[in-house]
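User: I would like to learn how to read a protein model. Can we go through one feature at a time?

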Amino acid sequence: MLPAVHAVTPFATALARHISPEGCQLVIESSLLEKGLRLVMAMSGFARVTGTVRWVVGDRVGFAFDAPIAGEFMQAMKLGPHGPGLELYRA
């Protein structure tokens, strides 16, 4: 079952960096993210992923996934600005 998304529009959008099955660094365009915030990450063509913001420094955010992500999702995230964008919603 997919996690619920409470909003129609994303809370923030991001590009992923330093991706591993357990988490990643996000470059965000919003300063509204804070440590401990629960988020749902959505990317076109993939199941939603939930996780928690672990740290925030400027426009960079450490994001830990609730469960390890699949290799296909990791590969799609690595496409960066040329691939599908990451949309973040409050969990």
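User: Where does Leu33 lie?

Analyst: Start with the elements. Helices (H or I, at least four residues) and strands (E, at least two) are DSSP runs, numbered from the N terminus. Leu33 lies in the loop between strand 2 (23-28) and strand 3. A word on the source: this is a predicted model, where local features need pLDDT of at least 70 and side-chain atom pairs count only at pLDDT 80 or more, while totals for chains, interfaces and linings use all residues. Residues are numbered from 1 along each chain as its sequence is written, and side-chain values use heavy atoms, with hydrogens and water left out.

User: Is Leu33 buried or exposed?

Analyst: Burial is read from relative accessible area: buried means under 20%, exposed over 50%, partly exposed in between (1.4 Å probe, protein chains only). Leu33 has a relative accessible area of 5%, so the residue counts as buried.

User: Which residues is Leu33 in contact with, leaving aside neighbours within four places in sequence?

Analyst: Contact means heavy atoms within 4.5 Å. Leu33 is in contact with Phe11, Ile28, Leu39, Val56, Val61 and Leu88, leaving aside those neighbours. Also look at Val53: it is 20 residues from Leu33 along the chain, and their C-alpha atoms are separated by 7.7 Å.

User: How many helices and strands are in the protein chain?

Analyst: The protein chain has one helix and six strands. Along the sequence the pattern reads β-β-β-β-β-α-β.

User: In what order do the six strands close into a barrel?

Analyst: Strands of a sheet pair through backbone hydrogen bonds, either parallel or antiparallel. Here two strands pair if DSSP finds at least two bridges between them. The six strands close into a barrel in the order 1-2-5-4-3-6, with antiparallel pairing. Neighbouring strands of this sheet are turned by 45° against each other on average, direction ignored. Such angles use axes, which are lines fitted to C-alpha atoms, for helices over the stretch in contact; angles run from 0 to 180 degrees between N-to-C directions.

User: How many bridges join strand 1 to strand 2?

Analyst: Five bridges join these antiparallel strands. A hairpin links strand 1 to strand 2 through two residues. Arg17 has Gln25 in strand 2 as its bridge partner. On to another pair: strand 1 and strand 6 are antiparallel and joined by three bridges. There, Thr13 has Glu87 as its bridge partner in strand 6. Strand 3 (residues 38-42) and strand 4 (residues 49-57) run antiparallel with four bridges, and Val40 stands opposite Thr50 in strand 4.

User: What joins the side chains of Gln25 and Arg60?

Analyst: A polar contact is a pair of N or O atoms within 3.5 Å; within protein, one must be able to donate a hydrogen and the other to accept it, and residues adjacent in sequence count only if both atoms are side-chain atoms. The side chains of Gln25 and Arg60 make one of 3.4 Å. Gln25 is buried, because its relative accessible area is 16%.

User: Where does pLDDT stay under 50?

Analyst: pLDDT is the predictor's confidence in each residue, from 0 to 100. It stays under 50 over residues 1-7, for which the model has twelve contacts beyond four places in sequence. Where pLDDT is low, the predicted coordinates should not be read in detail. For the protein chain, the mean pLDDT is 83, and 87% of residues reach 70 or more.
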